[in-house]
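Let us learn to read a protein model step by step. Please look at the sequence and the structure first.

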Amino acid sequence: MIGNWFIAEIPGEVGQSYIDFFSIGHLCGGIAIFLFFSLLYTIPMSKEEGTSQVYLPLWAVWIITVAIGILWELLENTILYDLGLKFEFRLDSLQNLVMDIIFVAVGAASSWVFAHLLFRYHKSPWPYYVFGIINVILWLGVFVIWRYTTLG
Ligand SMILES: [Ca+2]
């Protein structure tokens with residue numbers, strides 16, 4: 001089908017096209033890793049002294065998350081590949097690998113924007129984590145459905 005080079009529709013295209021169901025997994029990962037490391041911002045922020053106490057600014061949380069995304073691709077396409085743990089035992093194409101990292105970066109950036117907007121009006125971190133976790137679960141649902149439509 002036209003567009004297969006861009007979006008994987010069959011198992012043989014997974015990891016080769018720019019986008020496949022694992023892209024959504026990377027989006028989830030970006031959101032979830034950002035949520036986790038942002039604890040170093042939100043916990044001190046919610047104390048009396050406010051943002052002057054933060055251990056890690058949110059831009060640094062974003063950079064850590066993207067760095068983990070890059071490390072994951074290195075690990076996945078070297079060690080996990082050698083161990084035979086990679087999907088259908090083939091390496092990601094360069095375009096797929098780069099898009100995976102971009103999806104992590106976009107997921108993390110969406111959490112960053114959300115945190116930035118929310119903390120302007122509401123200094124408690126709870127709504128941020130409640131909606132953040134709901135967001136991860138919704139995208140996991142998209143991942144599972146897309147995985148099912150690709151693999152059958
Ligand atoms: Ca990958």
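The dialogue below goes from the overall fold to single residues.

Q: What kind of model is this?
A: This is a predicted model.

Q: How many helices and strands does the protein have?
A: Start by counting the elements. The protein has five helices and zero strands. Read along the sequence, the pattern is α-α-α-α-α.

Q: What box do the C-alpha atoms fill?
A: The box is taken along the principal axes. Here it is roughly 55 × 30 × 25 Å.

Q: How many of the residues count as buried?
A: Burial is judged by counting neighbours around each residue. In this protein of 152 residues, 29% count as buried.

Q: Which share of the contacts joins residues at least 24 apart?
A: Take the contacts between residues at least 6 apart in sequence. Of these, 71% join residues at least 24 apart.

Q: Which residues have the most contacts inside the largest nonpolar core?
A: A core is read as a set of joined, buried residues. The largest nonpolar core in this structure has 26 residues. Those with the most contacts inside it are Leu-27, Cys-28, Ile-31, Phe-34, Val-61, Trp-62 and Ala-108. At least two core residues come from each of α1 (21-37), α2 (39-45), α3 (58-82) and α4 (94-121). With eleven residues, α1 gives the most to this core.

Q: With which residues is Trp-62 in contact?
A: Set aside the neighbours within four places in sequence. Trp-62 is then in contact with Phe-34, Ala-108, Ala-109 and Trp-112.

Q: How do the axes of α1 and α4 cross?
A: Look at the distance and the angle together. The axes of α1 and α4 come within 7 Å, and they cross at roughly 40 degrees. Angles under 35 degrees would count as roughly parallel. The helices α1 and α4 are therefore oblique to each other. The crossing of α1 past α4 is right-handed.

Q: Which residues make the contact of α1 with α4?
A: On the α1 side they include Phe-22, His-26, Leu-27, Ile-31 and Phe-34. On the α4 side they include Met-99, Phe-103, Val-104, Ala-108 and Trp-112. The residues of this contact divide into 14 nonpolar, seven polar and one charged.

Q: Are α4 and α5 roughly parallel or roughly antiparallel to each other?
A: Use the angle again. Helix α5 covers residues 126-151. The axes of α4 and α5 come within 10 Å and cross at roughly 150 degrees. Angles over 145 degrees count as roughly antiparallel, so α4 and α5 are roughly antiparallel to each other. Their crossing is right-handed.

Q: Where do α4 and α5 meet?
A: Ser-111, Phe-114, Ala-115 and Leu-118 in α4 meet Pro-127, Tyr-128 and Gly-132 in α5. The residues of this contact divide into five nonpolar, two polar and no charged.

Q: Why does Met-45 count as buried?
A: Count the neighbours; 20 or more make a residue buried. Met-45 is found in helix α2. Met-45 has 21 C-beta neighbours inside 10 Å, so Met-45 counts as buried. Met-45 and Leu-35 are ten residues apart along the chain, and their C-alpha atoms are separated by 14 Å.

Q: How many residues lie between Gln-95 and Ser-17 in sequence, and what is their distance in space?
A: Read both separations. Gln-95 and Ser-17 are 78 residues apart in sequence. In space they are 7.2 Å apart, C-alpha to C-alpha.

Definitions and conventions: Residues numbered from 1 in each chain as written. Predicted model: local features only at pLDDT ≥ 70, side-chain atom pairs only at ≥ 80, totals over all residues. Core = buried A, V, L, I, M, F, W, Y, C linked by C-beta atoms within 7 Å. Buried ≥ 20, exposed ≤ 12 C-beta atoms within 10 Å, placed from the backbone. Helix = DSSP H or I, 4+ residues; strand = E, 2+ residues; numbered from the N terminus. Contact = placed C-beta atoms within 7 Å. Axes fitted to C-alpha atoms, helices over the stretch in contact; angles between N-to-C directions. Parallel < 35°, antiparallel > 145°, perpendicular 65-115°, else oblique. Left-handed = near helix turned anticlockwise from the far one by under 90°. Nonpolar A, V, L, I, M, F, W, Y, C, P; charged D, E, K, R; others polar.
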